Amino acid sequence: MSQIELTFPDGSVRSVASGTTGLEIAKGISEGLARKALGVKLGDKVLDLTRPLTESGTIKIITPSNDDPDALMLLRHSCSHVLAEAICDLFPGTKLAYGPAIEKGFYYDLMTPTPIQQSDFERIEKRMKEIIKEDRPFVRCEVSAADGLKRTGARTLKTSAPAPTCLLPASSRISRCSPCRAPTGMATRTATS
């Protein structure tokens with residue numbers, strides 16, 4: 001197996017097997033770091049911890065911090081997936097488009113069968129807290145665009161070009177998959193970090 005060279009923020013360099021994940025890198029430093037880690041930044045790309053690393057470059061283990069834009073992006077994007085899951089649970093038949101992290105928070109663009117009212121916010125928040133407490137892992141499913149559309153077609157507004165990845169809490173049915181390319185934290189508990 002080929003090796004890649006990773007340069008850490010302190011200037012140290014490690015050679016690891018291509019395909020090693022960010023989580024394995026964090027565990028190699030310390031179990032505590034691995035527990036805190038949200039993702040990694042390889043070069044200028046933020047990746048989730050389970051993504052195999054196949055290129056050499058500078059690497060940073062991302063941990064929760066209000067001062068780190070990369071950490072905030074991961075936290076907010078994880079929250080957007082929890083929001084989508086809560087709304088799908090409470091409003092069956094909801095169609096999802098996308099849920100990005102933005103500079104001051106996150107949102108999920110979606111279409112519910114009935115309009116969401118301000119009076120629904122409290123039960124949506126309650127369901128989000130339940131999902132977070134369950135600490136379900138986010139699982140990335142690498143699929144073709146065609147397969148992604150088959151898996152999410154009835155629940156997605158992205159019919160012209162669905163993303164080639166799906167993220168879902170591990171206990172969910174695949175039909176509840178959310179089309180997504182962006183990284184998240186490891187589990188729904190990330191939304192509270």
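Is Cys88 buried or exposed, and what is its relative accessible area? The legends below take up that question along with a few others, using a predicted model.

**View 1. Two cysteines, Cys79 and Cys88.** Cys88 is buried, with a relative accessible area of 10%. Cys79 also counts as buried, because its relative accessibility is 12% and the cut-off for burial is under 20%. If you go looking for disulfides, a search of the whole structure finds zero.

**View 2. The buried face of helix α1.** Helix α1 covers residues 22-29, and Gly22, Leu23, Ile25 and Ala26 are buried in this helix. Seen down the axis of α1, these buried residues fall within an arc of 160°, so they line one face of the helix.

**View 3. The whole chain, for orientation.** Stepping back, you can find five helices and twelve strands in the chain. Of its 193 residues, 46% are buried. Among contacts between residues at least 6 apart in sequence, 57% join residues at least 24 apart. The chain exposes about 10,000 Å², and carbon and sulfur atoms supply 54% of that area.

Notes
Residues numbered from 1 in each chain as written. Predicted model: local features only at pLDDT ≥ 70, side-chain atom pairs only at ≥ 80, totals over all residues. Heavy atoms only, no water. Helix = DSSP H or I, 4+ residues; strand = E, 2+ residues; numbered from the N terminus. Buried < 20%, exposed > 50% of the residue type's maximum accessible area, 1.4 Å probe, protein only. Contact = heavy atoms within 4.5 Å. Areas by Shrake-Rupley, 256 points an atom, 1.4 Å probe, with all protein chains shown as cover. Disulfide = S-S within 2.5 Å. Arc of directions from axis to C-beta.
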